[in-house]
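User: I am new to reading protein models. Could you take me through the side-chain features one by one?

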Amino acid sequence: MISFAKIPIRSSGTLAAEITQYTATWQPHFNTLHYRGEWTVLPLRAPGGADSPIPDLMDRQVYIDTIHMQHFSAVKELVNSLKCPVQSVRFLNLKAGSEIKPHRDYELAFENDEARLHFPVITNPYVEFFVENTRIDMRPGECWYINANLVHRVSNKGTTDRIHLVIDCQVNDWLSDLFDQADKHIKDEKIDIGKQKQIIAALRSQNMPSATQLANQMEKELLN
């Protein structure tokens, strides 16, 4: 199983200029139990083209560019260069001093034929992005895949915002070939019970319904 990978795709530095110049109002991330502080979304491609922070199709049929995409030629160029089915496209802004708590996005993984790609646009050295217990140093211009089905968390301990362009894709032969070339971190399928128990304890210490639910699920998986 791939935990995370640095994919051989580069994004343009123009992304930062475009997002800095755009003045539209960002929306709070819909999963309010999973973060502390400010985590906001600017949807560029969404279900039915709705100006909504929710990336899942639900009762809609297709992903369509939103009204914001027309202002981001560098994003459109990047999306067009991806020779795989593209689903949602979003800018996600984790404001300075904010954190995304440990959580999982179930079934969102390369092995399940979906890949979430992160393109850092604006960041700082004090952003701490962890997949399970491993910190990933993501820098502007790079492309990173994370297995969102694994527990992950982010803290922005810097004084500036952290903005990523996040693109969800369906895995096809073209994307699989890129993953073959990628610098990958492979997770042993054998469960490290000690580490899992540490994560469960950390989740329970948050005393939050979403964290407790995730801890219960992980505990159940350990017992099976």
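**Reading the side chains**

Analyst: Start with a count: the structure holds 0 disulfides, a disulfide being a pair of cysteine sulfur atoms within 2.5 Å. The model is predicted, so local features need pLDDT of at least 70 and side-chain atom pairs count only at pLDDT 80 or more, while totals for chains, interfaces and linings use all residues. Residues are numbered from 1 along each chain as its sequence is written, and side-chain values use heavy atoms, with hydrogens and water left out.

User: How far from Cys84 is the nearest cysteine sulfur?

Analyst: First the idea: a disulfide is a covalent bond between the sulfur atoms of two cysteines. Cys84 is in no disulfide, and the nearest cysteine sulfur, in Cys169, is 3.9 Å away. That is too far for a bond.

User: Is Cys84 buried or exposed?

Analyst: Cys84 is buried, with a relative accessible area of 9%. Buried means under 20% relative accessible area, exposed means over 50%, and partly exposed is in between (1.4 Å probe, protein chains only). Cys169 is at 0%, so Cys169 counts as buried too.

User: How many aromatic pairs does a search of the whole structure find?

Analyst: A pair of aromatic rings is described by the distance of the centres and the angle of the planes. The search finds 7 aromatic pairs. Rings of Phe, Tyr and Trp (its six-membered ring) pair if their centres lie within 6.5 Å; planes under 30 degrees apart count as stacked, over 60 as edge-to-face and the rest as tilted. Take Trp26 and Phe91: the ring centres are 6.3 Å apart and the planes are at 40°, so this pair is tilted.

User: Where do Trp26 and Phe91 lie?

Analyst: Trp26 is in the loop between helix H1 (14-21) and strand E2 (27-28), and Phe91 is in strand E6 (residues 86-94). The pair therefore ties together parts 65 residues apart in sequence. Helices (H or I, at least four residues) and strands (E, at least two) are DSSP runs, numbered from the N terminus. Both Trp26 and Phe91 are buried. They also belong to one aromatic cluster with Tyr22 and Phe72.

User: Why is the pair of Phe110 and Phe179 stacked?

Analyst: The pair is stacked because its planes are at 20°, with the ring centres 4.4 Å apart. This pair links distant parts of the chain, 69 residues apart: Phe110 sits in the loop between strand E7 (99-103) and strand E8 (114-122), and Phe179 in helix H3 (residues 173-181). Phe110 counts as buried at 17% relative accessibility. Phe179 is buried as well, at 1%.

User: What else does Phe110 touch?

Analyst: Contact means heavy atoms within 4.5 Å. Leave out residues up to four places away in sequence, and Phe110 touches Ile2, Tyr145, Val171, Ser176 and Phe179.

User: How many salt bridges does the structure hold?

Analyst: Side chains of opposite charge can pair when their charged atoms come close. The structure holds 10 salt bridges. Each is a side-chain nitrogen of Lys or Arg within 4 Å of a carboxyl oxygen of Asp or Glu. One of them joins Arg116 to Asp105, with the closest N and O atoms 3.8 Å apart. Another joins Asp168 to Arg116, at 2.8 Å. Asp168 lies in strand E13 (residues 162-170) and Arg116 in strand E8, so this bridge ties together parts 52 residues apart in sequence. Asp105, Arg116 and Asp168 are linked in a network of salt bridges.

User: Which of these three residues are buried or partly exposed?

Analyst: Arg116 is buried, with a relative accessible area of 11%. Asp168 is buried at 6%. Asp105 is partly exposed at 23%.

User: Which residues touch the most other members of the largest nonpolar core?

Analyst: In soluble globular proteins, nonpolar side chains tend to be buried together. A nonpolar core is a set of buried Ala, Val, Leu, Ile, Met, Phe, Trp, Tyr and Cys residues joined through side-chain atoms within 4.5 Å. Here the largest core has 38 residues, and Ile7, Val75, Phe91, Tyr145, Leu165 and Ile167 touch the most other members. Apart from it lies another core of 17 residues, including Val131 and Met138.
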